[in-house]
Amino acid sequence: MSKLWAGRNAGATSALADDFNSSIRFDCKMYKQDILGSVAHAKMLSKQGIISEGDAEQIEEGLLSILEDIESGKLQFDMSCEDIHMFVEAELTRRIGDAGKRLHTARSRNDQVALDIRMYLREESEKVVSLLKSLVSVIADKAEEGCDAIVPGYTHLQRAQPISFGHHLLAYAQMFMRDISRVEDAVKRMNVSPIGSCALAGTTYETDRAYEAALLGFDSVSQNSIDGVSDRDFCVELMSAFALIMMHLSRFSEEIILWSSWEFKFVELDDAYTTGSSIMPQKKNSDMAELVRGKTGRVYGDLMALLTTLKGLPLAYNKDMQEDKEVMFDSLETVIMCLEIFAPMLGTMKLKRENMYRAAQEGFINATDLADYLTKKGMPFRSAYKITGEIVAECIAKGKVLDSLTLEEYKAHSDIFENDLYTDISLEACVAKRISEGGTGFASVNNQIKAVRNFIAKKQ
């Protein structure tokens, strides 16, 4: 097929060079955006009197017929074409003749690809946000189910204080809600049209960039033609948001993997989201969670690859920038795939309340509440802390827990202790009295669930 840039170069490029230079095998994903962008461009050219209305109508009709044929499977991509732009323009010219050759007036492939990828990512980001909202809704449902389930809260992976299992889950809801906002913010900054920047310097034609941008749903146009074609900040920003999503999914996966192990047995994953062993018949492996955790490194790698590609590029467009799409698409598709599997995996997860509670009874995780008991009776906190530490040491030596020491044993440490201490250090009381806003108290957890659901409702 004749190259769009034929004329200056008389010699033919080698087949190896053609293949190395080609991007159609991955940028063909943007066929819809390329065609719709070209329809808008033809309308703008006609409005400005740069091409005739008749040519514009022919171009639009031809482009929409190409779109229909691609989506029906009637038209296959020609992999001998250099890129999706070349494929569409060549097919258009084949169908409508010379009118098709007028389409590329007042634009370049440089601003065309910058337009296509913004449109593509804008549309695909809506899928990511939708999946995040679904996941947050599942977390809210599961948190409501586990609101009154008491589980050890950990720091340093050591049992620390008793908390509501729902409270623990809602920490992830907060992370994913921030992710929703980050993706939405990135899309806002991305929604600027570069078309009309041409190769790098703009055009001699009297175009109407704002009109063309509005047709395509953009909020504004780029204010510098060099930046218009060389900017890939929006890719980096979106991929950074994706990396954070994956980091949150990976942390959640790690906990689910731990919780579902025999050592914890706090939850059980549904058979639909686990696998077995080829040699050990007792195994039920949390492979979906492990794969999500593993794919996080892949998305991190995509981000670092693009940052490294861009870090030394002079202005304006360079062919290196062709490397943006494969990593961008891989990052996007990996995030979507992981979100699609994670929500149903979490939604079908069963809670093992008895095991959670049994674990919470061990490890002296109500020790802080015992110190608080003494403090509220008038003892300075540091003194209360010291006495509580001595009592914990005594329990360890005697093989007891705080709840099982007698009042006489407590009074040996301080006369302040009375029978009410047993109510004060019960696991239920330890959780319920954490009444500070955002704390693990049952009322607080219910308020958090309502806030999460309100956030999602406002996003609908």
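Modeller: What follows goes through the ring pairs, then the charges over rings, then the cysteines. The model is a predicted one, in which local features need pLDDT of at least 70 and side-chain atom pairs count only at pLDDT 80 or more, while totals for chains, interfaces and linings use all residues. Residues are numbered from 1 along each chain as its sequence is written, and side-chain values use heavy atoms, with hydrogens and water left out.

Rings of Phe, Tyr and Trp (its six-membered ring) are paired if their centres lie within 6.5 Å, and the planes make a pair stacked when under 30 degrees apart, edge-to-face when over 60 and tilted for the rest. By this rule there are 12 aromatic pairs. One of them joins phenylalanine 77 and phenylalanine 87, whose ring centres are 5.5 Å apart and whose planes stand at 65°, so the pair is edge-to-face. Because phenylalanine 77 lies in the loop between helix H4 (53-72) and helix H5 (84-96), and phenylalanine 87 in helix H5, the pair ties together parts that are 10 residues apart in sequence; helices here are DSSP runs of H or I with at least four residues, numbered from the N terminus. For accessibility, buried means under 20% relative accessible area, exposed over 50% and partly exposed in between (1.4 Å probe, protein chains only). Phenylalanine 77 is partly exposed at 24%, whereas phenylalanine 87 is buried at 4%.

Tyrosine 410 and tyrosine 422 also form an edge-to-face pair, 6.1 Å centre to centre with 80° between the planes. Tyrosine 410 lies in helix H17 (residues 407-411) and tyrosine 422 in helix H18 (residues 420-424), so this pair ties together parts that are 12 residues apart in sequence. Tyrosine 410 is buried, with a relative accessible area of 0%, while tyrosine 422 is partly exposed at 24%. Both belong to a cluster in which ring pairs link Tyr373, Tyr410, Phe417 and Tyr422.

A charge sits over a ring if NZ of Lys or CZ of Arg is within 6 Å of the ring centre and within 35 degrees of the ring normal. Lysine 265 lies over the face of tryptophan 262, at 4.3 Å from the ring centre, and arginine 382 over that of tyrosine 385, at 5.2 Å.

As for the cysteines, the structure holds zero disulfides, a disulfide being a pair of cysteine sulfur atoms within 2.5 Å. The sulfur of cysteine 235, a buried residue at 0% relative accessibility, is 17 Å from the closest cysteine sulfur, in cysteine 28, too far for a bond.

Notes:
Helix = DSSP H or I, 4+ residues; strand = E, 2+ residues; numbered from the N terminus.
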